[in-house]
Each structure stands twice: as C-alpha cells, then as structure tokens.
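Here are some comments to read beside the sequence and the structure. They are arranged as numbered points, which can be followed one at a time.

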Amino acid sequence: MDVFRITIAAFDKSGVGRNLQPHAWMTAGNVTAVAGDFVGVNNYGFGGLDGHRGFLLSVAEWQAMNYLANMSEAASRSKSAMTSNAIEISGLRKIYRGSKGEPEKEALKGIDLNIPQGSVFGLLGPNGAGKSTLINILAGLVLKSEGKVKIWGFDQDENPRMSRASIGVMPQELNLDPFFTPRGALEVQAGLYGVAAKDRDSDGILKMIGLEDKAEAYARTLSGGMRRRLLLGKALVHHPHILVLDEPTAGVDIELRQMLWENVRKLNRQGMTIILTTHYLEEAEEMCDEIAIINHGEVVARDTTANLLGSLDAKTMVIQPSVPPETLPDAAGITVEKRAGGAIALGYNSKTTTAEQVLQAVHAAGISISDVKTEQADLEDVFLDLTRSR
Ligand code: ADP
Ligand code: MG
C-alpha cells in the first residue's frame, strides 16, 4: 500500500493559517485530515471548527506556508503531535557484537539528546566516540540495541517509513554506483524513497550542487569533489525535513567546503534542520547554533555554541606595555608569560580572579599599558577540556 505524505492547513476566516499538519498522510483515494481536535475525511479538504476552511497543500506550497504557520503556531501554542524538536533520542544504546573472537563494543552508552527544529546542530567528538554510529541509527542504517528515537515526531520503531522519509543523510564515504550519471543517481534515489515523478526535482538539485553540465556524465568520470556534491544531492531528493552530514568536509578543498556550507546555510534558512559531524572545530564554531560533544559513547556536553565557548573559566589578558617593563606582574592566581613583540599574557581563572585584579597587578608592577585585549577560549579548548583524561 502506498502512503503519501501530505500537508494540511486550516485557515480562519481572515485567511491566517491556524493549524498545519505537515505529517498527515494519505493512501490513494482516502484522506484523513486532522485540524485541531476536528477530524474530517474526504478527498479534497475538510471542514473545521469555528468555520475554518481546510486545504491540502503540496510539499512546495507547504514550504511557502511554513513560516506563517510557525508564527501562528508559536502564537497560539496549539496542541500538536509535533514538539519543537526535530530529533528526540532517549536511552539510546548500541552494542556491536564482537565477531571472530573480538569482544563486544558498547559504542553508545545511553544517549539522551534532543535536537531542536531549525537548528544547525554539531556533533563533535574524537575518533571512535560514536558519532557515526549515532548518525547511522538515525538514518536507519544501523540497528540500535536499546532506547527510543523519534525523528520529526515519528517513533522509529512504530513508524519506520515516516521517520526515514523525514531525514536525508550524506554519508562520509563515497558510495556511488560508477555506472550511474548524476541525474540517474538522483532519479534512482528518488525511486527508492517513493517520490512520485511529479514531485521530483532532479534539475533543481543538479543546479544547486553545480552539476548541471555533468548531468549525463558517468559517475566514474566525476572528480572527488563532484561525487561529494552528488552525495549531498542524493540526500535531498525526498525533500527531508532534516539533513544529516557525516564529516562533509573532511579532506575536501576550500572551494568545495565553501560551496557546501553555502548550500547548507541556504537550506537551513529555508527551514531545514541540519545535523553535522565535523573534525574541524573552527567550522563547528562558525556553523553550529548548538553542539553536543560525544566521548566514549556518552554526551559530555550539550549547549549553545556561545555557552560552550563561555563555559571555560580560564581567561587570558594580553597587555602591550608602553615601555619595556623592569619587573613583571606578580600576584596569586595569575600566570605571566612573555609574548613576541614585548606583549605580556596574563592567565587567570575568572571564577577566582577578576579582570580588575589582573589590571591592579599590572599597575603594581609599574607597567603602563598601551594596549590590552582578552583572549576567549575557543571550541578546541572546550573540547580538549571535556574529552581529555576521561
Ligand atoms: P566516530 O564516528 O565517532 O569516529 P563510530 O561510531 O564510527 O565513531 O565508532 C564508535 C565505536 O564503535 C568505535 O570503537 C568503533 O570501533 C566501534 N564500531 C563502529 N562500527 C562498528 C562495527 N560495525 N562493528 C564493531 N564495532 C564498531
Ligand atoms: Mg565517524
């Protein structure tokens, strides 16, 4: 039986969207529509409470309506099956059974993690932390051992088809069939996901990933960068709500990296939730609104990027003396280090020492300051702090 995802919106008399059901579904010739508490059934719409009119929208129309509906939804906080989380994970464990005498491996040790809708969410962690295992479970490529996973409100076990339809994954490894052309690869992928011919947009995707001229070239003649772009395109054929990128820029050149991030930002602006793993901490810092750091199969930190960066208490104040100092500052709780060009770096813990006290120590040493700046911890510091020696 074919099941199609449809979107239903109800409007009040003023034409303002009041309720939107992006995860309603239909089977051919049979529509079940839910607006608020009202259930109506017919082929082309439904009546609603208080004279609301109902419409079935195509996916494209839905995307256009999404913004309006989000606003009115937020305003009315209407009851909805959907929470504001794109992904909800609780108690997720993965134990790989050891083969050929190898011991079993607990790759995920009870992960609880919610990923908000609309975010660019970073999954960071050292090699072997369990990032790919987590992503592959989301993608339906690896079977979990225990726990619950909800994707776009759909429980993975109760509604595998819908949860899978909500997410698109760009894998790290290049797994393209060398005999498909880019257009062919996109069409086959769309077929796998049951995307009807009229809902396919291979041309649009080829354009977006910059492979229009290569649409009919064999994949084996494409450069590494082109193949990677094609993988991004394949992840998008079924218009997923959530796009997952596993180390998308590992080993790619700067140009491709920029192109990828431009596309990702654009998709995010259009409302797509983005989840990515990356080894490049600078990139996570720049791209991600929120970050979870995973170590040995556990979430050791999860916060907004800004909060994570602010979470380190170690601060550094760098001063440029107006004349070379005779004595260096000397006070409890402050470390002193000479830098190139006569600058002095003063390290302190912001929990126990104030910037004022650091400045006082500088003045007490008879140093007049021509310039001063502070150095914030970067994500790498946070990362090392959290994953070191644990
Ligand atoms: P990451 O992506 O963070 O580098 P992975 O999820 O790939 O980490 O791996 C997490 C742990 O699980 C590692 O110790 C890895 O060796 C192990 N692992 C991953 N895949 C398998 C597998 N198919 N069989 C056995 N162990 C695996
Ligand atoms: Mg990995």
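**Notes on a sheet, a helix and a ligand shell**

1. Strands β17 (residues 314-321) and β19 (residues 344-349) run antiparallel and are joined by six bridges. Along this pair, Thr316 stands opposite Gly347 in β19. Please keep in mind throughout that this is a predicted model.

2. These two strands belong to an open sheet of four strands, in which the order is β18-β19-β17-β20 and the pairing is antiparallel. At the edges lie β18 (334-338) and β20 (369-375), each of which pairs on one side only. From one strand to the next, the twist averages 20 degrees. As background, the strands of a sheet pair through backbone hydrogen bonds, either parallel or antiparallel.

3. Helix α10 (residues 355-364) packs on the sheet and touches β17, β18, β19 and β20, while its direction makes about 35 degrees with that of β17.

4. Why can helix α2 (residues 131-138) be described as largely enclosed by the rest of the structure? The reason is that seven of its eight residues are buried, namely Lys131, Ser132, Thr133, Leu134, Ile135, Ile137 and Leu138. After α2 comes Gly140, whose phi is positive, near 80 degrees.

5. Helix α2 also takes part in the shell around ligand 1, to which it gives the largest share, three residues. Both β8 (105-116) and α2 supply at least two residues of this shell. Among the residues around ligand 1 are Tyr96, Lys105, Ala107, Lys131, Ser132 and Thr133, and the shell divides into three nonpolar, six polar and two charged residues.

Definitions and conventions: Residues numbered from 1 in each chain as written. Chains lettered and ligands numbered in written order. Predicted model: local features only at pLDDT ≥ 70, side-chain atom pairs only at ≥ 80, totals over all residues. Buried ≥ 20, exposed ≤ 12 C-beta atoms within 10 Å, placed from the backbone. Pairing = 2+ DSSP bridges. Axes fitted to C-alpha atoms, helices over the stretch in contact; angles between N-to-C directions. Contact = placed C-beta atoms within 7 Å. Near = placed C-beta within 6 Å. Nonpolar A, V, L, I, M, F, W, Y, C, P; charged D, E, K, R; others polar.
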